[in-house]
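Me: I am new to this structure and would like to understand how its features are named. Please set each value against the rule that it has to meet.

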Amino acid sequence: MSCVLQTINIHVKRDLSRLVVNNQQTDWSFKVDEFIHHSSQEDMYNSVAKNVVQQALNGYNGTIMCYGQTGAGKTYTMTGTTENFQYRGIIPRAIQQVFKEVEERIDYMFIVRVSYLEIYNENLFDLLFTLPDTPASDSQLAVVDDAQGVHVKGLSIHLTNNEEEALNFLFEGETNRVIGCHTLNKNSSRSHCIFTLYIESRKRNSSDDKYLTSKLNMVDLAGSERLHKTGSEGQMMREALYINKSLSFLEQTILALADPRREHVPFRQCKLTHVLKDSIGMNNNTVLVANVYGNAEQIEETVRTASRIP
Ligand SMILES: Nc1ncnc2c1ncn2[C@@H]1O[C@H](COP(=O)(O)OP(=O)(O)OP(=O)(O)O)[C@@H](O)[C@H]1O
């Protein structure tokens, strides 16, 4: 969302032949809005998320996505860890910001709801299905694109009255995620997960009964990975193929959105882009966080991740 671009220059020594991506290239240069290194979770939040959350409270849809190599810190950035309050990630901080504003803006009436969707091997799952008040869905969840906009039929959406309730939904969903273990990350997310806040607001004591509505998606994408690096086989290889394919569709969609000459944006190629159709690009606030490792051994994947940023 910021306009000043920063340049990242990467140089790989040619004599480290094992680490060279190809025989010709040893230098890369990438432009990004911001390069965040050695920062606290709070600084990270203030840089990438605070503004999008504020805009969502003002009625604009927003999406914040973490993308990158498996084990590079996407879940840490998005959710954080529970061992220390200061390590909490973007989602709990966004929840806090939303409810702080709800309390402060006393001239407005807010309704906040949440849902937590998982996309695993191109199938949709409701991560809040375990809650007692979640109606049992007898049919498969499906992405529907109709007059009401894009929504997932069958996904439970929960009214949330305060920060604590919203955090409980987050933690409930976290325990239901599909987690795998491979050589690069022993707690690897094998799916894309979208935690959504639906915000509705209306000015109190106003003659006009106009509601402002917005959706804020916080997306922890499954890790992009080279199969030989993660040592995947069998079911994990199948998962990795789905993950890589959908990430490639996401990349194509983002590239199409960034190109003003493109008339068609291929949202329907996979569930991930279809679900996000009305919340990325165009008039929505979209932030893509590229998580990379800091060490030289992973330079090949770092270059790959950085080169996918439009
Ligand atoms: N900035 C950081 N500071 C401290 N620990 C971190 C940081 N980033 C990641 N970690 C730790 O590294 C490990 C891997 O991170 P994480 O699970 O977030 O990766 P990921 O990108 O979500 O991986 P995957 O795609 O496999 O799910 C975790 O134990 C996490 O707590």
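Reply: A salt bridge is a side-chain nitrogen of Lys or Arg within 4 Å of a carboxyl oxygen of Asp or Glu. The model is predicted, and a search of the whole structure finds eleven salt bridges.

Me: Why is the pair Lys100 and Glu104 called a salt bridge?

Reply: The closest N and O atoms of Lys100 and Glu104 are 3.2 Å apart. The cut-off is 4 Å, so the pair qualifies as a salt bridge. Both residues belong to helix 4 (residues 90-104), and because they are four residues apart there, about one helical turn separates them.

Me: What makes Arg105 and Glu101 a salt bridge?

Reply: Their closest N and O atoms are 2.6 Å apart, and a salt bridge requires a distance within 4 Å; therefore the term applies to Arg105 and Glu101. Arg105 is buried, and Glu101 is buried too.

Me: How do you know that Arg190 and Glu239 form a salt bridge, and what does the pair tie together?

Reply: The N to O distance between the side chains of Arg190 and Glu239 is 2.9 Å, and the limit is 4 Å, so this pair is also a salt bridge. Arg190 lies in the loop between strand 10 (185-189) and strand 11 (192-203), whereas Glu239 lies in helix 7 (residues 235-258), so the pair ties together parts that are 49 residues apart in sequence.

Me: Why are Arg190 and Glu239 called buried?

Reply: Buried means under 20% relative accessible area. Arg190 has a relative accessible area of 1% and Glu239 has one of 3%, so both residues are buried. Elsewhere, salt bridges with shared partners join Asp145, Arg268 and Lys277 into one network.

Me: What makes a space a cavity, and how many cavities of 30 Å³ or more are found?

Reply: In a cavity a 1.4 Å probe fits but cannot get out. Two cavities of 30 Å³ or more are found in the whole structure. The largest cavity holds about 80 Å³ of space. Ten residues line the largest cavity, and the closest to its centre are Tyr67, Glu251, Ile254, Leu288 and Arg308. Helix 7 supplies the largest share of this lining, five residues. By class, the lining of the largest cavity has eight nonpolar, no polar and two charged residues.

Me: What is the volume of the second largest cavity, and which element gives the most to its lining?

Reply: The volume of the second largest cavity is about 50 Å³. Among the residues that line the second largest cavity are Arg190, Tyr242, Ile243 and Ser246. Strand 4 (108-120) and helix 7 are the elements that give two or more residues to this lining; helix 7 gives the most, with three residues. By class, the lining of the second largest cavity has five nonpolar, four polar and two charged residues.

Note on methods: Residues numbered from 1 in each chain as written. Predicted model: local features only at pLDDT ≥ 70, side-chain atom pairs only at ≥ 80, totals over all residues. Heavy atoms only, no water. Buried < 20%, exposed > 50% of the residue type's maximum accessible area, 1.4 Å probe, protein only. 1 Å grid on protein atoms, 1.4 Å probe; cavity = no way out; pocket = protein on both sides within 12 Å on 5 of 7 lines; lining within 4 Å. Points joined across faces, edges and corners; volume = space filled by probe spheres on them. Nonpolar A, V, L, I, M, F, W, Y, C, P; charged D, E, K, R; others polar.
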